Structures are given as C-alpha cells and as structure tokens.
Amino acid sequence: MYEELALFELAIWVGLPAWIANATPVLGGGGNPIDGGRYFRDGRRLLGNGKTIRGFIVGIIFGTLTGLGQFIIAPYLRPFLAMFVTVTPEMDYVLFMQVPVAILMSFGALTGDLVGSFIKRRVNVESGDPSPFMDQLGFIIMALIFAAPIFDPGAIFVTILIITTFFIHWVSNALGYLLGLKKHPW
Ligand code: CTP
Ligand code: MG
C-alpha cells in the first residue's frame, strides 16, 4: 500500500518541472509571438498568438527553478520516505532530481507545446481551442524524450506519470467547466 503510494508520489515528483514549465507561460505570456506573426503556406498562422517568446522563457525559468528546489530538498525528503517504504535504487534515482534534467524537461515541455500548436494550426484549430490528448500529453511526452539522453526513470514511473498527467488535466478541465470558467469540459 505505502509502496504504491510512494511510486505514485515519486512519479508526480519527477514530472513537476515539466508540469510547472507547461503551466506558467500563461502567467508571463504576452508580447511578441514566437512565429513573428508569420503564416504557413496553408494560409494559417505558423503557431499563433498563444505562443510567445516571453511565455517560453517564463516556462523555462519556472521549470528550472522547480528542479533546483527539488534538488535542494530531496536529501531532506529521503528519511521521510524511508519511514514508510524501503527506498529502492530506482526510487533514489528519481528522488534526487538533477538540475540539468529539469532544464531538459522544461525545454522539452515547451517545445512539445509548440509542436502541438503547429499541428493544431495545420488542422485548422484556432489558438486557444482544445485539442484533446495533444494539449494534455504532448508536453509530458516531449519532456521525457528531451531528458532521455541523461535521464531514464524506467517504464513504471513513465507509465504512472503519463496516466496521472492525463487524469489531472481532465479533472482540472472538468472542474473549470463546472465552475463556469471554461466553455468545454475537456
Ligand atoms: N503562452 C505563451 N507562450 C507560450 C505558451 C503559452 O505566452 N510559449 C500563454 C499564452 O497567453 C496562451 C496561454 O499561455 O494563450 C495558454 O497556453 P496554451 O493553452 O498552451 O495556448 P493556447 O492559447 O491554447 O494556444 P494553442 O491553441 O496554440 O495551444
Ligand atoms: Mg490551450
């Protein structure tokens, strides 16, 4: 029981830099769009006004700071974790978040977000309109791919992380819909 809970918590822990990188551009976005207002040959915007240089930088900074914070507090969390479970080498590996991993995950998350917008514009989805699956999962998958050269959390953590990411987006969107903040429940 504690074992499963620990795996779940550590999967979330590992995804935090990517999540934060993905969630914070909205706080600092605005200004020049990354595509410079340019259009693709299909007559639609390359990326759209929802992807700005400032938003990208804000995401990288917050994602990296998250990783730095995790790196600093990991040694203090370990004895706490050890009170409940036998800490395996795999658990130690994901607990001790390295800053370069957080940087790569942040870049990956934001690049995945850009790739998603590029695809959305190609299939004529307006900026801000939803694209289920891509909006929720593109960033986390790309974050893991970017970090892969120096970071391999293993199949179990990757699986839990992807499922949890999808579920949390789903819950937060459904909640936003019920509260009247969002037009669609996805
Ligand atoms: N944002 C930004 N720069 C980025 C990513 C996001 O400025 N690189 C800001 C924008 O204000 C954007 C908001 O965060 O509107 C929400 O991000 P997101 O949902 O990813 O963008 P959308 O507006 O939905 O555009 P798209 O359809 O292209 O995903
Ligand atoms: Mg969106």
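Biologist: Which residues does lysine 51 touch, not counting residues up to four places away in sequence?

Modeller: Lysine 51 touches Pro33, Ile34, Asp113, Leu114 and Ser117, where contact means heavy atoms within 4.5 Å. The model is predicted: local features need pLDDT of at least 70, side-chain atom pairs count only at pLDDT 80 or more, and totals for chains, interfaces and linings use all residues. Residues are numbered from 1 along each chain as its sequence is written, chains are lettered from A and ligands numbered from 1 in written order, and side-chain values use heavy atoms, without hydrogens and water.

Biologist: Why is lysine 51 called buried?

Modeller: Buried means under 20% relative accessible area, exposed over 50%, partly exposed in between (1.4 Å probe, protein chains only). Lysine 51 has 16% relative accessibility, so it counts as buried.

Biologist: What makes the pair formed by lysine 51 and ligand 1 a polar contact?

Modeller: A polar contact is a pair of N or O atoms within 3.5 Å; within protein, one must be able to donate a hydrogen and the other to accept it, and residues adjacent in sequence count only if both atoms are side-chain atoms. A polar side-chain atom of lysine 51 lies 2.7 Å from an oxygen atom of ligand 1. For aspartate 113, a side-chain N or O atom is 3.3 Å from an oxygen atom of ligand 1.

Biologist: How do you know that the buried residues of α6 line one face of the helix?

Modeller: The buried residues of α6 include Gln136, Leu137 and Phe139. Seen down the axis of α6, its buried residues fall within an arc of 160°, so they line one face.

Definitions and conventions
Helices (H or I, at least four residues) and strands (E, at least two) are DSSP runs, numbered from the N terminus. The arc is that of the directions from the helix axis to the C-beta atoms.
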